[in-house]
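Subject: Structure for your review

Dear colleague,

Please find below the structure that I am handing over to you. I would be grateful if you could look through it together with the notes that come after it.

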Amino acid sequence: MCISMNDRWKLQALAVSVVTACAALPGQSPSKQAPDPGLATLGGGFVSGTAQANGTTLHYVRGGTGSAVILLHGFPEDWYAYHRIMPLLAKQFTVVAVDLRGIGGSAATAGGYDAANMAEDVHQLVEHLHLHHVYVVGHDIGGMVAYAFALRYPETSRGVMMLDAPLPGLGSRDAVKTSRITWHINFHQTPELPEQLIAGREAIYFRHFLDRDTFSDADVARYARAYAAPEHLRALLEIYRAFPANEKFNAAQQSAISLPLVLASGENSPFEKLMPSFAEALRDHGCTNVKIEVIKNSVHYVADEQPEAVAELIKRYATL
């Protein structure tokens, strides 16, 4: 039977539609956005989706099978911060990398950017995806959200890992606030001014934090796009402006929590020397199972700098 070129294109389109439908995962809401080009870097088996959670819309990328690992990014990245380790973890786990509220593919809102509320975002997403007993990993700001998740929902998690993440209200607060590398915290918390100075210059600004040895110009351009819309740039700054609320929330914690917590810092990170004080503060606030890990030959962006080492670290603790 002779098939015309037009009919061939129709058959190919139908085949693609069938494959896409079969790849849908349970509990996933189909994304209304264009496919994220970052998916292509992950290989097969990953999909992008959105879900309504806690008064906003969260974007996530999901793949793999097995017990769930939730990945939360920091500044100035989005879910793509974990693109190097997601294929490694997906061989053993269901992996879900989330855009935090207001960042990338997630919707911005008028408020709700404190860590405790964003932990509720993640909790509702986990329920929407029908995941159970999740392991939560957070870098930088994502680590603050991961810790808040541990405080609010210890019964729904099998552990939390914080990657090079200072915790407001705990440990060496003054050392973090007065460090030269954290100058941007006060800048981001300044009312109105950062929006005006950063807008349209996101790539220039982010390149200051993302070194050329690890991040390509394409990486920086990607992250600049994730924050470029006015509402998304404002969301970033509101996350920092919510740090005082995070301090109060963390400092108020007193009840005993036996959930395993891991503080993992880069070997060459300025935060590495502060980790013992954070661990001691966590224990003083009722966390009875706290461990410290150091990721060799890395600084702050550990998942980008040492993806294999970070993946192995997550595997070790997420399988406990």
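Predicted model: local features only at pLDDT ≥ 70, side-chain atom pairs only at ≥ 80, totals over all residues.

Residues are numbered from 1 along each chain as its sequence is written, and side-chain values use heavy atoms, with hydrogens and water left out.

Helices (H or I, at least four residues) and strands (E, at least two) are DSSP runs, numbered from the N terminus. Helix α4 comprises twelve residues, 141–152. Eleven of the twelve residues of α4 are buried, so the helix is largely enclosed by the rest of the structure. Here, buried means under 20% relative accessible area, exposed over 50%, and partly exposed in between, with a 1.4 Å probe and protein chains only. Among the buried residues of α4 are I141, M144, Y147 and F149.

Leaving out residues up to four places away in sequence, I314 is in contact (heavy atoms within 4.5 Å) with V69, L71, I85, L89, V137 and M161.

Two loop residues may be set side by side. H285, between α12 (275–284) and β8 (290–295), is buried, with a relative accessible area of 14%. The side chain of H285 reaches the backbone oxygen of A251 at 3.4 Å. G55, in the loop between β1 (46–53) and β2 (56–63), counts as exposed at 74% relative accessibility. G55 and T109 are 54 residues apart in sequence, and their C-alpha atoms are 8.3 Å apart in space.

Finally, I turn to the largest pocket. Of the 23 residues that line the largest pocket, the closest to its centre are I181, H184, F209, H300 and Y301. A pocket is an open set of points on a 1 Å grid over the protein atoms alone, where a 1.4 Å probe fits, with protein on both sides within 12 Å along at least five of seven lines; lining residues have an atom within 4 Å of a point. The largest share of this lining, three residues, comes from α6.

Yours sincerely

Terms used:
Expected span 1.5 Å × (residues − 1). Polar contact = N/O pair within 3.5 Å; in protein donor to acceptor, adjacent residues only side chain to side chain.
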